[in-house]
Amino acid sequence: PAQRLIGEAWQKNGEFDKARVEFELYLKLYPDAADKKQVNELLAKLPAKGAAKPVHVAVSKPKLIEEQMQVFGGLTQYYYKGVSHTDSLLIGGTTPTASSFTLNDQSQLLTMLDLTGRKRTENADTRMAFRDSYNRNFLPGKQSENRFDMAYIEQSSRNHTYKYRLGRQTGTGGGAPGRFDGVLAGYSFTPSWRVNGVIGSPVEFSLGGVASGSKKDFAGVSVDIAPPSYPWSGNGYFIQQRVGGIVDRRAVGMEAHYFDMQRNLMGLFVYDTIYKKI
């Protein structure tokens, strides 16, 4: 069957002379094949040797059908129970005294909600994400904690020229903090080079999972280089952060990454221009 399919493939591609060679080879190799008659018919329908390859009319590529928004995720709960038990023996005088002590030192319910939505069109890929966790502590005098970790909308072009993300998100380099409320945008002017801008306010959780109320804001720019055919990539950036209108961080930095089948290497260099320290 594979030999016959080779001939049919050449035939459908308009390479009739090559198809004839494969069909004739088929009949020579398998003279008693069950489909010998069908192969002879295919061979008879081929144009004469040297016939010109037919001109194929270009057909426009069908447009991608716009997808509906797909939402997936989950609600997860864990209950933790912890009990400590201590037995002791006090030797005083001639009569030892035994005692036991039991303490319920853990009783909490951890609830996590994680949702992701995605929609693709012909030109763009849109994604939304939400993540929140609530730790309910049932012990007397202990505080429960809620951590609102993520809520953003992200859109990128299908040809990877632009990308932006708006909302509560995790910093992915360029000197941005680990978690912040703000916007990150980038534009690729070549397949290897991308320029990015970020602005926002850091989110630092305090006791109880409440975001810190300190007034902080930051802004930064970066340039990424990631050659498609090379195992290394990196970026250079400038970032500045203020607290209550006072600049408390102004830095330039570089990040480098190398990945192959045997090793992963990452490097970071930061120089603070205010304190003049590396």
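Modeller: A polar contact is a pair of N or O atoms within 3.5 Å; within protein, one must be able to donate a hydrogen and the other to accept it, and residues adjacent in sequence count only if both atoms are side-chain atoms. The model is predicted, so local features need pLDDT of at least 70 and side-chain atom pairs count only at pLDDT 80 or more, while totals for chains, interfaces and linings use all residues. Residues are numbered from 1 along each chain as its sequence is written, and side-chain values use heavy atoms, with hydrogens and water left out.

Biologist: What makes the pair Glu255 and Asn235 a polar contact?

Modeller: The side chains of Glu255 and Asn235 are joined at 2.8 Å, and the limit is 3.5 Å. A polar atom of the Glu255 side chain also lies 3.4 Å from the backbone nitrogen of Gly174. Glu255 belongs to strand S10, residues 246-259; strands (E, at least two residues) are DSSP runs numbered from the N terminus.

Biologist: Why is Glu255 said to have no salt bridge?

Modeller: A salt bridge requires a side-chain nitrogen of Lys or Arg within 4 Å of a carboxyl oxygen of Asp or Glu. For Glu255, the nearest side chain of opposite charge is Arg249, 8.0 Å away; Lys and Arg count as positive and Asp and Glu as negative, with His and the chain ends not counted. Contact means heavy atoms within 4.5 Å, and, leaving aside neighbours within four places in sequence, the contacts of Glu255 include Gly173, Gly175, Ser233, Tyr237 and Leu268.

Biologist: Why is Arg168 called buried?

Modeller: Buried means under 20% relative accessible area, exposed over 50%, and partly exposed in between (1.4 Å probe, protein chains only). Arg168, in strand S5, has a relative accessible area of 12% and is therefore buried. The side chain of Arg168 makes a polar contact of 2.7 Å with the side chain of Asp181, and a polar atom of the Arg168 side chain lies 2.9 Å from the backbone oxygen of Phe148.

Biologist: How do you know that Arg127 is partly exposed?

Modeller: Its relative accessible area is 30%, so Arg127 falls in the partly exposed class. Arg127 lies in strand S3, residues 124-137. A polar contact of 2.4 Å joins the side chains of Arg127 and Tyr152. Beyond neighbours within four places in sequence, Arg127 is also in contact with residues including Thr116, Arg118 and Glu154.

Biologist: What makes the nonpolar surface patch a patch?

Modeller: Patches are made of residues with over 30% relative accessible area and no salt bridge, like charges being joined within 9 Å and nonpolar side chains (Val, Leu, Ile, Met, Phe, Trp, Tyr) within 5 Å. Met69, Val71, Leu115, Met128, Ile153 and Leu166 make this patch, of about 480 Å². Leu166 is partly exposed at a relative accessible area of 48%, and is found in strand S5, residues 162-170.

Biologist: Why is the phi of His160 worth a remark?

Modeller: Most residues other than glycine have a negative phi. Phi of His160 is near 65°, a positive value. His160 lies in the loop between strand S4 (145-157) and S5, and with a relative accessible area of 59% it is exposed. Lys276 likewise has a positive phi, of about 55°, although it is not a glycine. Lys276 follows strand S11 (264-272) and, at 58% relative accessibility, counts as exposed.

Terms used
Accessible areas come from the Shrake-Rupley method with a 1.4 Å probe; for residues, only the protein chains shown count as cover. Helices (H or I, at least four residues) and strands (E, at least two) are DSSP runs, numbered from the N terminus.
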